[in-house]
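Work through the exercises below with the model in view. Each task is followed by its solution in steps.

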Amino acid sequence: AGEWEFSLQLFSIMAQVKVKSDMVTCNALISACEKTGEWERTLQIFGVMDRNAIECSTITVNAAISSCEKAGEWTRAVQLCRVMLQRSIEMDTITFSAAISACEKGREWDKALQLFGMMCDTKTEANTIALNAAISASERGGEWEKAVQLFGVMAQGVVESDTISFNAVISACVSCGEWEAALHFSNVMTECEVQRNAITFSTLISAFEKRCKGDFVLQFSRQAVSWILRLLASG
């Protein structure tokens, strides 16, 4: 907490001696608070900038949105996105990634997907974080086809997929009873040499033990045990 406390003290001293703060000063202060999870402080400083007519940049608002995302304050993150739109502040990949992730974590799946749609409409470059959050939002919202569609963007090589990406799309398929699709993505995961984890195996095992033949479940369970043993050996 030392970094942001020192920054706040410096900010206070500047105000006392009537040294005018500018966008660079406020950006540095917001970034310091964001790094330590002080989301309320970031919004306070944002308010100070407003009251003193200090111009906000994309960097300013991104740091505030990221701070809210880490704290699970999805409503604040969405509000800040609206501020950017109202003031014609450019929204970039970081803006959308943080806001989408905040909504997904807050179980606001529709809003997460709306933001992703806006990201596409504005032709903002998507990244793994944004797509993972959008896929997870689709999965939790019961829209497995949407999850598969979003994963397809990754499959085109535009954005790199990782374990989280595969787990989300597999879980989406399983939750909607699409067992064959789930198995397909599990096989693709192996082909792409993406590491499976406990979530991958537990999702597939619990799904297939209900729907598939016992021999298949046994074979897959052996794979899971083998993976766990390798993990323990490496740790």
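**Exercise 1.** Find which backbone nitrogen a side-chain oxygen of Asp-162 reaches at the start of helix 10.

Solution. Helices are DSSP runs of H or I with at least four residues, numbered from the N terminus. At the start of helix 10, the side-chain oxygen of Asp-162 comes to within 3.2 Å of the backbone nitrogen of Ile-164. The model is predicted: local features need pLDDT of at least 70, side-chain atom pairs count only at pLDDT 80 or more, and totals for chains, interfaces and linings use all residues. Residues are numbered from 1 along each chain as its sequence is written, and side-chain values use heavy atoms, without hydrogens and water.

**Exercise 2.** Check the span of helix 10 against 1.5 Å a residue.

Solution. Helix 10 covers residues 163-175, which is 13 residues. The expected span is 1.5 Å times one less than the number of residues, so helix 10 should span 18 Å. Its end C-alpha atoms lie 18 Å apart, which agrees. After the helix comes Gly-177, with a positive phi near 75°.

**Exercise 3.** Decide whether helix 10 is mostly covered or mostly open.

Solution. Buried means under 20% relative accessible area (1.4 Å probe, protein chains only).

**Exercise 4.** State how many helices and strands the chain has, and what share of its residues is buried.

Solution. Of its 235 residues, 44% are buried.

Technical notes:
Helices (H or I, at least four residues) and strands (E, at least two) are DSSP runs, numbered from the N terminus. Buried means under 20% relative accessible area, exposed over 50%, partly exposed in between (1.4 Å probe, protein chains only). A polar contact is a pair of N or O atoms within 3.5 Å; within protein, one must be able to donate a hydrogen and the other to accept it, and residues adjacent in sequence count only if both atoms are side-chain atoms.
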